[in-house]
Amino acid sequence: MTTIILFIIVFSVIVVAHELGHFLLAKANGITVVEFSVGMGPKLLHFSKGGTEYSLRLLPIGGACMFEGENGLEEEGTLSEGAFPRAKVWARISTVFAGPLFNFLLAFVCAMLVVAYAGSDRPVIQDVMEGYPAQEAGIQSGDVITGLNGERIYLAREISLYTMANPGKTVTVEYMRDGQKQTATLVPQYDETEGRYLLGFQGYSEYVDCRNAGVFKYAYYEARYVLKMTVKSIGMLLTGKAGVDDVSGPVGMAQIIGEVQQEAAPYGPLAVAINMVNIAMLLSVNLGVINLLPLPALDGGRLVFLLVEAVRGKPVPPDKEGMVHFAGFVLLMVLMVFVMFNDISRLLG
C-alpha cells in the first residue's frame, strides 16, 4: 500500500507539472482550455471554473490539458476566438512546448532538494591503477577531469556514463592540475576480471557539500546529468546497445519506488522523501525528453506540424494531421501494453 501511495504521489506531481505548463501558456495566449485532468479513465471528481473543467480520473498514469478545437475535427464556423487553431502559430508552439519545459523546471527544483540534502560528486582522481592507460599517460591523484572527447564533465558519474556508452573507444581526457589545463589520450584496456574496458581510474569521485550557494550550480549539473543519461539511453536503445528489458513502464516504476522506499526506510522519513524526490527528478526529465521526440501523438510530433506551418505560412490540413496523430496514439497504446506486459513478466520472474 505504501508503494502504491508513493507511486501515485510521484507520478501525479510529474503529470501535473507537465499539464500545468500547457495550461498556463494556453491561458497566457488566450487559448480556451476545455479540460484539465489528472489520471485516465472514468472521472472520480470534477468541477468547472472559468470555462475549464477540472477532473480527477480513476487511473493515476497520465493526464491531459485539452484545448478547444485541437483535434481538428470541428468545423471552422463552430470554433470560438479562443480555439487552439485560431491562435497565432508561435502561441501554439509555446503552449505545446511548455509541457516538457515544465518537466525540466520541476527536475531542477528536485535536483536542488537532492543536492542540498545529499551533496554531489566532483570528478577528482583518487588514484590510478598500475599498468593501465591512465598511469602510463601520467594522470595522477588529485587531477580534476573536465572533459572526455570534447564532452564537458562536471560530475564523477558522467565518467561512468561516458565509458558505459562508449566501451573500448579511445578517449582524449582533459583535466586540470594545479590550475593548468592538460590532456591525455587513453586507449581503454580490457580487464578479464571486471569483464569490461577500463581507463585505469581507481576512484574518481570527491564529495561536495552543497548546503550553500553551490546548491544552484550543482543542481544544474545534476539535472544536466540526468538529461544526458536519458538522451544517451534512448540512443543506446535505437542502436541496439540496450534491449527491451531495460525499458520500464508504470508497473516497473512502481516496483522501483517500492524497492527504494524499503532500502531508505531504515534511515528515516526524510531519507525516503529525498529518494522519492530523486526518482521524481529522473522521471520528470524522462517524460520531458520523450514528449519532445518528433513522434505522432506526442508534443514533439505536434511541434513538427506547427514548425512546418510557421515555415510554409499555412497549416497542414487538420484532417491529415489528425489521422497521423491518431495512428501515433494507437501505436503508443500498443507500446504501453507491451511495456506493461514486459514489466509484469519481469516482476513475476
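Predicted model: local features only at pLDDT ≥ 70, side-chain atom pairs only at ≥ 80, totals over all residues.
Residues are numbered from 1 along each chain as its sequence is written, and side-chain values use heavy atoms, with hydrogens and water left out.

Back to Ser-55. You'll find Ser-55 in strand E2, residues 52-67. Helices (H or I, at least four residues) and strands (E, at least two) are DSSP runs, numbered from the N terminus. Is Ser-55 buried or exposed? Ser-55 counts as buried, at 7% relative accessibility. The cut-offs are under 20% relative accessible area for buried, over 50% for exposed, and partly exposed in between, with a 1.4 Å probe and protein chains only. Leaving out residues up to four places away in sequence, Ser-55 touches several others, including Glu-35, Phe-36 and Lys-43. Touching, or contact, means heavy atoms within 4.5 Å.

Next, the rings. Rings of Phe, Tyr and Trp (its six-membered ring) pair if their centres lie within 6.5 Å; planes under 30 degrees apart are stacked, over 60 edge-to-face, and the rest tilted. By this rule there are eleven aromatic pairs. One of the pairs is Phe-23 with Phe-36, edge-to-face, 5.4 Å centre to centre and with 75° between the planes. That pair links distant parts of the chain, 13 residues apart: Phe-23 is in helix H1 (residues 2-28) and Phe-36 in strand E1 (residues 33-49). Phe-23 is buried at 12%, and Phe-36 is buried at 11%. Phe-36 also pairs with Tyr-54: the centres are 6.3 Å apart and the planes at 50°, so this pair is tilted. Because Phe-36 lies in E1 and Tyr-54 in E2, the pair ties together parts 18 residues apart in sequence. Tyr-54 itself is partly exposed, at 22%. Phe-23, Phe-36, Phe-47 and Tyr-54 form one aromatic cluster.

Some rings have a charge over them. That takes NZ of Lys or CZ of Arg within 6 Å of the ring centre and within 35 degrees of the ring normal. Arg-157 lies over the face of Tyr-225, 5.0 Å from the ring centre, and Arg-302 does this for Phe-84 at 5.6 Å.

Last stop, helix H4. Which residues in H4 are buried? They are Ala-156, Glu-158, Ile-159, Leu-161, Tyr-162 and Ala-165. What covers the buried residues of H4 includes strand E3 (120-122), E6 and helix H5 (214-238). Just remember that an α-helix has 3.6 residues a turn, so residues three or four places apart point the same way.

Then comes Asn-166, in the loop between H4 and strand E6 (171-177). Asn-166 is buried too, with a relative accessible area of 18%. The C-alpha atoms of Asn-166 and Ala-297 are separated by 32 Å, and these residues are 131 residues apart along the chain.

That's my tour, thanks!
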